Structures are given as structure tokens and as C-alpha cells.
Amino acid sequence: MKDIDVLIEALPYIKKFHDKKILIKYGGHAMVDEKAKSYTARDTVLLKYVGMKPLIVHGGGPEISRSMDKLGKQSEFIKGLRVTDEETMEIIEMVLVGKISTEIVSELIKHDGDAISLSGKDSSLIYAHKKEASKIDGELVDLGLVGEVDCINTSLLDMFLDNDYIPVISPVGIAKDGTSLNLNADTAAGEVASAVGAEKLIILTDVPGVLRDPSDADSLIQKIKIDEVPGLIEEGIISGGMIPKIETCVKAIENGVESCHIIDGRKKHSLLLEVFTTDGIGTMIYK
């Protein structure tokens with residue numbers, strides 16, 4: 001009976017999200033741990049077969065750093081942002097587009113999901129401009145070929161979604177002059193989610209969600225309204241690397257995404273638990 005109860009609980013959510021777009025940002029263990037890669041891909045395919053339209057945007061920072069080390073190229077970061085010269089940009093494209101994206105596609109196909117690997121450069125999918133030099137701690141810093149998103153070619157994505165493909169998007173943008181630009185994967189995911197009118201943006205990470213006490217996994221905050229975010233940042237509850245993720249979620253919701261979810265990609269079937277159960281598994285941000 002327990003399995004039947006699970007199915008019954010899932011039914012209203014299957015109905016509610018039928019034919020809706022779900023943007024999944026792959027990151028953390030969901031990308032690197034073999035078991036996690038397999039069940040995350042399988043869960044994504046399941047979303048498609050019950051009538052939803054999943055899209056994926058993936059990151060790849062650690063893999064990029066490992067590849068740079070192998071090639072004898074030093075990684076340079078300023079306030080967590082990768083400085084990107086032309087040689088680094090070539091490595092980024094090689095890793096994101098040539099390796100990670102195709103591996104995710106292969107995993108989806110293994111579970112009978114039709115998928116297509118796309119760079120933000122394909123058919124000008126993600127137009128971007130070079131981020132201007134800005135002051136960090138009083139010093140003017142130019143991060144090089146780091147981009148900020150201008151617009152998304154939604155007609156390309158709709159074409160694939162309407163033909164039952166799962167788009168797998170690498171966060172590489174293209175400037176007007178054809179230059180490749182390195183994009184923040186969370187930001188790119190939020191921009192794509194907003195542009196296609198996604199019902200949900202789900203960010204897979206290596207933490208349970210937003211915790212009141214970082215040392216206590218039981219202190220998970222299950223729901224946060226966007227107007228509560230500034231106060232939580234001021235209190236230090238939302239801090240460090242969680243701040244840009246939450247800011248991405250807030251912007252996406254302000255631009256029409258119904259809800260955003262930060263969940264632990266290390267937990268088996270966390271994606272399904274967040275979408276199909278009343279309690280969910282991570283932190284939901286909503287209006």
C-alpha cells in the first residue's frame with residue numbers, strides 16, 4: 001500500500017505540471033557522482049514521460065579546473081569568479097560543450113530520453129555581452145571573457161521541446177562579434193527559465209537547501225518568500241555561495257517563473273521528491 005500512497009500523492013502534481021516547462025540546473029554530485037548522474041538522468045526522463053517539458057542547464061567549474069591543471073594552465077579566481085582569457089575560454093568550451101554536455105545527453109538517452117546537446121552559441125541561443133570591468137575591494141578588475149546574458153533564442157528551445165527532446169545547454173554565450181563568453185551557470189539557468197516561461201527552476205546542489213544553522217541539516221527552511229530574502233541575507237542565514245543562487249531564484253520569479261527550488265542532488269531521487277510530494281525535499285522560493 002505504501003507504493004500506492006506515493007502514486008496517489010503524486011497524481012495532483014502530475015496533473016498540475018502537465019505540459020509545463022521545468023528548468024533543471026545540474027550541478028554538484030548530480031554531475032560527477034556516477035550513481036547520482038544515473039538516477040538524476042532517469043528522474044529527468046520520467047518527468048518527460050509523465051507529460052512535463054524538462055530542460056537542463058549544467059555547470060562544470062571543478063571539471064574545468066581539473067582540465068586546466070592537466071594542460072598546465074593556472075586557474076585564477078577573483079571573489080569566486082573565474083578570470084577568463086582566450087586560452088581559458090577554449091578549455092571551458094572543450095569541457096562544457098565537448099565533454100560534460102555530451103555525457104549528460106548520453107545518460108539521458110540510456111534511459112530512453114531523446115536529448116540534444118546545445119551550446120549557448122548554437123543558433124545564437126544565448127546572446128551575451130562582455131562584463132565590464134568593475135571595482136572589487138577598491139581595485140578595478142577585468143575578468144576577461146566573462147559574459148552577461150542579453151537575450152535567449154526561445155524559438156530554438158521550443159522547437160526541440162515541441163518535438164519531445166530534452167535540451168541540454170552549456171553556459172557559453174555568444175557576443176555580437178561571435179566571441180565566446182563564459183557565463184555563470186546558475187545565472188544562465190535563471191535567464192533561460194524566465195525566457196521560456198518555466199513553471200519551476202530547480203537547482204541541484206551539494207547542500208540540503210537553505211539552513212538556519214549550517215551545521216544542522218535538520219534546520220532546513222522549506223519555504224522562503226522572495227520578500228523575506230533581504231532579511232535572511234542580513235541575518236547571515238543566506239550567505240556565501242548561496243547568495244547568488246537565491247538572487248538568481250528571486251530574479252527568475254520576478255520574471256515570471258512560478259517557483260524555484262534548491263535541493264540536494266546527492267540524495268537519491270531528490271528531483272522527484274521535490275516535484276511530486278507535498279513536503280518536498282529542499283528549499284522552495286516563491287512569490
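In which strand is lysine 21 found? Lysine 21 belongs to strand β1, which covers residues 21–26. The model shown here is predicted.

- Lysine 21 has a relative accessibility of 18%, so it counts as buried. The cut-off for buried is under 20%.
- The side chain of lysine 21 makes a polar contact with the side chain of aspartate 158, at 3.1 Å.
- Beyond residues up to four places away in sequence, lysine 21 touches Lys53, Leu55, Asp158, Leu161, Val196, Ala198, Glu199 and Lys200.

**Serine 119 in strand β5**

- Serine 119 sits in strand β5, made up of residues 115–119.
- Is serine 119 buried or exposed? Serine 119 is buried, because its relative accessibility is 4%.
- A polar atom of the serine 119 side chain lies 3.0 Å from the backbone nitrogen of lysine 121.
- Leaving out neighbours within four places in sequence, serine 119 is in contact with Val97, Leu125, Ser170 and Val172.

**Helices α3 and α5**

- Helix α3 spans residues 34–49, and helix α5 spans residues 86–110.
- The axes of α3 and α5 come within 8 Å. They cross at roughly 65°.
- The crossing of α3 and α5 is right-handed.
- Which residues of α3 meet α5? On the α3 side they are Lys37, Ser38, Ala41, Thr44 and Val45. On the α5 side they are Glu103, Glu107 and Leu108.
- The residues of this contact between α3 and α5 divide into three nonpolar, two polar and three charged.

- How many disulfides are counted? The count is zero.
- A disulfide needs the two sulfur atoms within 2.5 Å.
- Cysteine 260 is in no disulfide, and its nearest cysteine sulfur is that of cysteine 249.
- Cysteine 249 has a relative accessible area of 0%, so it is buried.
- Cysteine 260 also counts as buried, because its relative accessibility is 0%.

Definitions and conventions. Residues are numbered from 1 along each chain as its sequence is written. This is a predicted model: local features need pLDDT of at least 70, side-chain atom pairs count only at pLDDT 80 or more; totals for chains, interfaces and linings use all residues. Side-chain values use heavy atoms; hydrogens and water are left out. Axes are lines fitted to C-alpha atoms, for helices over the stretch in contact, and angles run from 0 to 180 degrees between N-to-C directions. Helices (H or I, at least four residues) and strands (E, at least two) are DSSP runs, numbered from the N terminus. A crossing is left-handed if the near helix is turned anticlockwise from the far one by less than a right angle, and right-handed if clockwise. Contact means heavy atoms within 4.5 Å. Ala, Val, Leu, Ile, Met, Phe, Trp, Tyr, Cys and Pro count as nonpolar, Asp, Glu, Lys and Arg as charged, and the others, Gly among them, as polar. Buried means under 20% relative accessible area, exposed over 50%, partly exposed in between (1.4 Å probe, protein chains only). A polar contact is a pair of N or O atoms within 3.5 Å; within protein, one must be able to donate a hydrogen and the other to accept it, and residues adjacent in sequence count only if both atoms are side-chain atoms.
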